Amino acid sequence: MKPVTVPSSAVVRLDPWRVRIEPFRPDMRGPGLVFASDRLLPALERDGTLGQVAGVATLPGLVGASMAMPDAHQGYGFPIGGVAATDAEGEGVISPGGVGFDINCGVRLLATDLAADEAGPRLRSLLEAIFRRVPVGVGRGGDDLSKRQLDGALAGGAGWAVQQGHGLPEDADHCESSGAMPQADPAAVSERAKARGRGQLGSLGAGNHFIELQRVERVEHGPAAEAMGLFVGQLVVLVHTGSRGLGHQVCTDQVGLMQQAMKRHGLQVPDRQLACAPIGSSEGRHYLAAMAAAANYAWANRQIITHQVRQAVAEHFGAATHTRLVYDLAHNIAKLERHQVLGQEHLLCVHRKGATRAFAAGHPELPARYRDVGQPVFIPGSMGTASWVLVGTPQAMAESWGSVCHGAGRAMSRTAARKQTNADAVMACLTAQGIRVQAGSKRGLCEEAPESYKDVESVVETVVGARLAHRVARLRPLGVVKG
Amino acid sequence: MSFRILEHTADLGLEAWGSDLSAALDQAVAALAAILAGEGAAQGLERRAIAVDEPDVDASVVALLSECLYLLEVEGWLACGAQLSVDGQGRIQGNLLGEPFHSTRHGEGVAVKAITWHQLSVVVQPGGVTITTYVDC
């Protein structure tokens, strides 16, 4: 199958932050909507992202537009940074490619009650302690789980991990979906997937996954920052990882099954990675049950890592130090959500592939702490640049199914990054900025160099300009653990 | 060596070719090993029997390469080649060639999450067979 090419005549700029892709193929069931400034758009045109947005618009039962966030880049089938909703009560489909292999890859923010400057002399030791406590890299993981324990994680997510002693009672409430999707069925997860996941719970993995120590550099939205317990100068910790090999195998299994389901249901898509099945079909329900279980595994994974980080903080700064979970959110997920469509409430299956849920203030799914300010959203930059804390807005609810970007977005291929720099140079550059690094792989460090990513300020400027989110706080990196 | 690594914004692709499907599959496994461990880092010192029975040749490519990822992650065994035969129904049988993964000798690669169907192709021409696929890193 050839990549979809978007004719320039179909690309229409609506305002400084939005570009519409008019339907230009008979199989497109809606337009494309790309949130991108003039500065960000050329990269999306060059790397085929717009064609992938158009490809997603062919999914049966699409509601509204196929969207891409300003951090979007070329993916496989779906663009990374893609958002698409389908009609969950009608002919809508669910697509494993719209979730991706790292199911519920996501990020959580932990807030200590420490001032980063006071902690300064011990930050290096803290970083080393976290590196020792949290397994990183290819295939490395924690203790082998029994079948019962693994099924517990698959069914119970973050709450299960807390019950096992890996956290505080309030942690699960501060996760998207309270840290567990109710549709999860451990029996829907293959034995191969379970074999991959049995020994990896509580591990970071490799690639773009990280644990970062950060300092709150400035606050731009006092009430929201107060609700989140954030203050200028505070030491906070950002954790980014997902469902590890278990999630990868669930997606591999399900994309294969859906290739056959497509034929049975008479469905066609322009890229086989967009394989899908009607949500109400046996294949659709089976995927939802397996994906939800993998998502729960990811929440349990981040919860166990959180416990390790807390232990390391307590070792260094005393048992009375409080490290609170601000919020945990998913980047790669499909969820059944109720949204307003042309003035009426509909049940939709919202696919977020490299995108973040960003519900506005007042949404009943938000914990009481955030109901008046909106859902916290975390936008990691890169190892050497700022990260942002945002909150969702009513405009996001109205326009993007309550979704925004998930990071800075990759700008440079891995090969190009290795040609441009090397691990020693990356390390020297970060050290010169006062950023300490603990990395499991030199090649990985090089490929994750800050230059490999887009300018996070331009990305955040776009979602704020489009009124999908408000800025709350800017964070500066102090130390990084990479796989 | 009859493969090359393809560029992608966030991930990587591989293109592998051979005189027939078996030879191209051998090179696809070698290309995946080059991504996982660095080019030429792995040796085919051991054999693992494998059988793939999928509905079509595209699915067979995904299944074979996915099995390599599974073996690496679950058993710590790195495949770097294959001696395979393909019967008239497209069923694949034979051996993967490889060795136990060793972080010092095989540490110059990148982690691969999965084999995708994105722009997956198996092109059969008079001169041979070319396999193209992308992997999620």
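Two residues are in contact when heavy atoms lie within 4.5 Å, and in chain A of this predicted model, residues 24 or more positions apart account for 77% of the contacts with a separation of 6 or more. Residues are numbered from 1 along each chain as its sequence is written, and chains are lettered from A. In this model, local features need pLDDT of at least 70, whereas totals for chains use all residues.

Chain A has 13 helices and 19 strands, where helices (H or I, at least four residues) and strands (E, at least two) are DSSP runs numbered from the N terminus. The radius of gyration of chain A, taken over C-alpha atoms, is 21 Å, close to the 23 Å that the globule rule gives for 483 residues, so chain A is as compact as a globular protein of that length; the rule itself is 2.2 Å times the number of residues to the power 0.38. Along its principal axes, the C-alpha trace of chain A spans about 60 × 50 × 45 Å.

Turning to chain B, we find an open sheet of three strands in the order S3-S5-S4, with antiparallel pairing, and here two strands pair if DSSP finds at least two bridges between them. Strand S3 (46-52) and strand S4 (77-86) of chain B are the edge strands, each pairing on one side only. Between S3(B) and the antiparallel strand S5 (residues 92-100) of chain B there are seven bridges, and Ala51(B) stands opposite Gln93(B) in S5(B).

Terms used
This is a predicted model: local features need pLDDT of at least 70, side-chain atom pairs count only at pLDDT 80 or more; totals for chains, interfaces and linings use all residues. Side-chain values use heavy atoms; hydrogens and water are left out.
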